[in-house]
Amino acid sequence: MIKDQEMEITPEITDRLSKLQEKFAAMGQDINAYLDGLLYADYLTYWDYIHLDTLLSLQTPKTPFPDEEIFIMYHQITELYFKLTLHECRQISGHAALTSGFFVERLKRINAYFTALVSSFDIMVDGMDKSQFLKFRMSLLPASGFQSGQYRMIEIYAADLIRLVDKSKREELTASTVEEQFEYLYWKFGASELSTGKQTLTLQQFIAKYAAGFLQLANDCVQTNFAALYRKLVREGQDVTEVENELRKLDLFVNVEWPLSHYKSAVRYLEKDPVDIAATGGTNWQKYLPPRFQKRIFFPFLWTEEQLEEWGKTWVMNILKSYKI
């Protein structure tokens, strides 16, 4: 006959109970109440912990075309990776005593997220039926991936704000205030109507929702964006070799590889002779997406003059040859 065995109260368990009692007593709480909570609580399940049923219910297509669901899910996945990136950005920017080692560790995480994003973008390039896409996209107006607020926040955390100013205004506004520079951010020019140059509804909606938050973040990050923190580490005499390597990778991911991935998709779906199809937000994607036109570079001090001059040119030409319709 198998007898029930009582659990042995080991010194380790006693020690933990004592520490828990001290913890809850310091808060004026009774440890017995918390132990009762553990006793009565159900076991945690995977699907409850990550809210799986809710997550899988968040795809609500606007049309009957099956591939619209692919479009929705990929953008949701993208935003989750952006959230992961911002999680690291806040740790870097808010670190009380930043070291090169911590900076590198967190930059590697960010670059891993962008590696996954860039490598998976073929889902958007070749993973949908073109005829379906060109139909269901008309139900999305004026919504656009341009309206990703998290992506703009990543840019603000990464660079001095002047690096995000439209290149035609950078030299003129170098010594200007954050508020003045904010008025000429490059993406405001990328979402203007092709024919009139006026702000599209897409841009108007975006500014109304996010502008105040962006401006506050830009002011908060004047001394704690990645470029500023890099310069601080240099002044402190820390070894920044690995930091430089990771910052260069980030620069290429955000300012070349990621926009180029979108450019590949635009060429695949929207390029058409004699007139290209407009993006859903009315953005001028032909000029807005190619890195060689924007010359948006977070850390120009980490690149040679030749690299700066040739920024993005080779990538774009190769894509045009591969996806010419």
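Analyst: Asn-111 is placed in helix α6, which covers residues 100–120; helices (H or I, at least four residues) and strands (E, at least two) are DSSP runs, numbered from the N terminus. This is a predicted model, in which local features need pLDDT of at least 70 and side-chain atom pairs count only at pLDDT 80 or more, while totals for chains, interfaces and linings use all residues. Residues are numbered from 1 along each chain as its sequence is written, and side-chain values use heavy atoms, with hydrogens and water left out.

User: Why does Asn-111 count as buried?

Analyst: Buried means under 20% relative accessible area, exposed over 50% and partly exposed in between (1.4 Å probe, protein chains only). Asn-111 has a relative accessibility of 4%, so it counts as buried.

User: Which residues does Asn-111 touch, not counting those up to four places away in sequence?

Analyst: With that exclusion, Asn-111 touches Glu-246, Lys-249, Leu-250 and Phe-253. Contact here means heavy atoms within 4.5 Å.

User: Are Arg-106 and Thr-115 buried, partly exposed or exposed?

Analyst: Arg-106, also in helix α6, counts as buried because its relative accessibility is 8%. Its contacts, leaving out residues up to four places away in sequence, are Glu-88, Gln-91 and Ile-92. Thr-115 is another residue of helix α6; its relative accessible area is 41%, so it is partly exposed.

User: What makes α5 roughly antiparallel to α6?

Analyst: The two helices pack at an angle of about 170°, with their axes 9 Å apart. Angles under 35 degrees count as roughly parallel, over 145 as roughly antiparallel, 65 to 115 as roughly perpendicular and the rest as oblique. The angle therefore makes α5 roughly antiparallel to α6. Among the residues that make the contact are Phe-82, Glu-88 and Ile-92 of α5, with Phe-103, Arg-106 and Phe-114 of α6. By class, the contact of α5 with α6 has 14 nonpolar, four polar and three charged residues.

User: How do you know that α5 is roughly parallel to α9?

Analyst: Helix α5 (residues 67–93) and α9 pack at about 25°, and their axes are 9 Å apart. The conclusion is therefore that α5 is roughly parallel to α9. The crossing of α5 with α9 is left-handed. On the α5 side the contact includes Phe-82, Leu-86 and Cys-89, and on the α9 side it includes Met-153, Ile-154 and Tyr-157. Seven nonpolar, three polar and three charged residues make up the contact of α5 with α9.

User: Why is α9 called roughly parallel to α13?

Analyst: The axes of helix α9 (residues 149–158) and helix α13 (residues 201–220) come within 10 Å and cross at roughly 20°. That angle is why α9 is described as roughly parallel to α13. The crossing of α9 and α13 is right-handed. Gly-149, Arg-152, Met-153, Ile-156 and Tyr-157 in α9 meet Phe-206, Tyr-210, Phe-214, Leu-217 and Ala-218 in α13. The contact of α9 with α13 has eight nonpolar, one polar and one charged residues.

User: Which residues of the largest nonpolar core touch the most other members?

Analyst: Phe-103, Phe-114, Phe-226, Val-243, Leu-247, Trp-258 and Phe-299 do so, in a core of 67 residues. Helix α6 supplies the largest share of this core, eight residues. A nonpolar core is a set of buried Ala, Val, Leu, Ile, Met, Phe, Trp, Tyr and Cys residues joined through side-chain atoms within 4.5 Å. Leaving aside neighbours within four places in sequence, the contacts of Phe-226 include Phe-103, Tyr-157, Leu-247 and Phe-299.

User: Why does His-51 count as exposed?

Analyst: The relative accessibility of His-51 is 54%, so it counts as exposed. His-51 lies in the loop between α3 (46–49) and α4 (52–56), and it has a positive phi of about 50° although it is not a glycine.

User: Which residues does a cis peptide bond join?

Analyst: The cis peptide bond joins Leu-141 and Pro-142, with omega at about 0°. Pro-142 is in the loop between α8 (130–136) and α9.

User: How many helices and strands are there in the chain?

Analyst: The chain has 19 helices and zero strands. Of its 325 residues, 41% count as buried. Among contacts with a separation of 6 or more, 71% are between residues 24 or more positions apart.

Note on methods. Axes are lines fitted to C-alpha atoms, for helices over the stretch in contact, and angles run from 0 to 180 degrees between N-to-C directions. A crossing is left-handed if the near helix is turned anticlockwise from the far one by less than a right angle, and right-handed if clockwise. Ala, Val, Leu, Ile, Met, Phe, Trp, Tyr, Cys and Pro count as nonpolar, Asp, Glu, Lys and Arg as charged, and the others, Gly among them, as polar.
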